[in-house]
Amino acid sequence: MSELTVVVPAYNEAAVLDAFHDRLTGVLDALALDSAVLYVDDGSSDGTWAAIEALLARDRRVRALKLSRNFGKEAALTAGLDHVVEGAAVVIDADLQDPPELIPELVAQWRGGFDVVYATRSARAGETRLKRLTAAGFYRAMERLSDTPLPRDTGDFRLLSRRALDALARLRERQRFMKGLFAWIGYRQTAVHYQREPRHSGRTKWNYWRLTQLAIEGITSFSSAPLRLATWVGLGSSLLAFVYGLWVLTKALIWGDPVRGYPTLMLVILFLGGVQLLALGVIGEYLGRSYAESKQRPLYFVEEERLGGG
């Protein structure tokens with residue numbers, strides 16, 4: 001029976017898995033509790049599964065899931081947590097930006113009575129200034145827009161108690177923003193601060209396009225503020241258009257109005273058309289999520305499950 005399972009989602013991380021596992025096992029060996037490591041291969045196209053198989057052969061604590069294709073990190077993380085059937089779990093990425101050496105501190109807080117212990121970044125080494133600014137902007141926007149408070153500058157690296165895992169397992173929505181779900185379940189939560197390191201090797205999978213998609217996912221999953229914003233923008237535009245219409249009518253009645261005014265007319269049409277398209281786009285985002293939920297498709301499929309030592 002494992003008191004603690006470390007869940008590691010991996011997508012094309014063959015270059016770093018050996019170094020990561022060596023550092024992780026050094027930490028787990030020093031912990032005074034039974035532990036296991038669960039690697040989830042999210043449909044990698046490099047040698048990630050072969051590297052995991054090598055770890056399986058040499059370490060009996062290792063378990064592995066191979067998903068049938070690339071479902072995305074949120075689904076891979078869900079698959080890993082679903083397969084933790086006893087004890088608590090630590091979620092950590094394999095790229096070594098989040099140090100495994102922080103796990104004993106997470107465990108200490110868990111033993112102190114906390115159900116969710118999340119690791120908050122006090123510094124983000126190896127990232128561009130633009131990425132740090134956009135990340136800070138996202139977390140602060142979520143803080144204002146969401147009804148569920150999200151801790152600032154906090155990723156997926158955290159410890160979840162058995163009670164928290166059982167609660168999370170009941171949330172089966174298809175459009176998953178795990179950082180929000182971790183916060184939404186509540187219970188006793190606390191932070192542990194650390195300095196994030198640069199990637200050990202390889203390239204990040206999170207380009208600006210994917211980060212933007214994740215931000216949209218987070219905002220639309222945990223806030224209806226964009227819909228309210230579209231309503232207020234539409235109301236404000238209608239009011240401006242009405243006032244402008246009164247001004248045009250008054251001007252025509254008092255001073256007359258020659259055929260001139262084509263640029264103004266086009267400006268008004270383009271402005272109102274843009275506002276309408278913006279509102280339709282926001283509504284479409286929410287409608288698309290409702291459509292995805294209505295299909296009730298499974299979150300993932302497991303192609304293969306393996307245990308260490310054979």
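User: Which side chain does Asp59 meet in a salt bridge?

Analyst: In general, side chains of opposite charge can pair when their charged atoms come close. Here a salt bridge is counted when a side-chain nitrogen of Lys or Arg is within 4 Å of a carboxyl oxygen of Asp or Glu. Asp59 pairs with Arg61, at 3.4 Å from N to O, and Arg61 is partly exposed at 23% relative accessibility. The structure holds 15 salt bridges.

User: Which residue forms a salt bridge with Glu305?

Analyst: That partner is Arg63, with the closest N and O atoms 3.9 Å apart. Glu305 belongs to strand S8 (residues 302–307) and Arg63 to strand S3 (residues 62–67), so this pair ties together parts 242 residues apart in sequence. Glu305 is partly exposed at 45%, while Arg63 is buried at 18%.

User: Which residues are linked in a network of salt bridges?

Analyst: Lys73, Asp93, Asp156 and Lys179 form that network. Within it, the side chains of Asp156 and Lys73 meet at 3.0 Å, N to O. This pair links distant parts of the chain, with Asp156 in strand S6 (residues 154–160) and Lys73 in helix H3, 83 residues apart. Asp156 is buried, with a relative accessible area of 5%, and Lys73 is buried too, at 18%.

User: How many residues of helix H3 are buried?

Analyst: Nine of the 10 residues in H3 (residues 73–82) are buried, so the helix is largely enclosed by the rest of the structure. Among them are Lys73, Glu74, Thr78 and Leu81. Ala75 of this helix is also buried, and its C-alpha atom is 9.3 Å from that of Gln175, 100 residues apart along the chain. Gln175 sits in the loop between helix H6 (162–169) and helix H7 (178–184).

User: How many residues does the largest nonpolar core have?

Analyst: In soluble globular proteins, nonpolar side chains tend to be buried together. A nonpolar core is a set of buried Ala, Val, Leu, Ile, Met, Phe, Trp, Tyr and Cys residues joined through side-chain atoms within 4.5 Å. The largest one has 36 residues, and those with the most contacts inside it are Leu4, Tyr39, Ile103 and Phe157. Another core lies apart from it, with 18 residues, including Val91 and Leu171.

User: How many aromatic pairs does the structure hold?

Analyst: A pair of aromatic rings is described by the distance of the centres and the angle of the planes. Rings of Phe, Tyr and Trp (its six-membered ring) pair if their centres lie within 6.5 Å; planes under 30 degrees apart count as stacked, over 60 as edge-to-face and the rest as tilted. The structure holds two such pairs. Phe20 and Tyr39 are edge-to-face, with 6.3 Å between centres and 75° between planes. Phe20 lies in helix H1 and Tyr39 in strand S2 (residues 35–41), 19 residues apart. Phe20 is buried at 0%, and Tyr39 is buried at 0%. Phe157 and Tyr194 are edge-to-face as well, at 5.9 Å and 90°.

User: Where in the chain is confidence lowest, and where is it highest?

Analyst: The term to know is pLDDT, the predictor's confidence in each residue, from 0 to 100. Its mean over the chain is 77, and 64% of the residues reach 70 or more. Helix H8 (residues 208–222) is lowest, at a mean of 58, and strand S4 (residues 88–91) is highest, at 92. Where pLDDT is low, the predicted coordinates should not be read in detail.

Technical notes
Residues numbered from 1 in each chain as written. Predicted model: local features only at pLDDT ≥ 70, side-chain atom pairs only at ≥ 80, totals over all residues. Heavy atoms only, no water. Helix = DSSP H or I, 4+ residues; strand = E, 2+ residues; numbered from the N terminus. Buried < 20%, exposed > 50% of the residue type's maximum accessible area, 1.4 Å probe, protein only.
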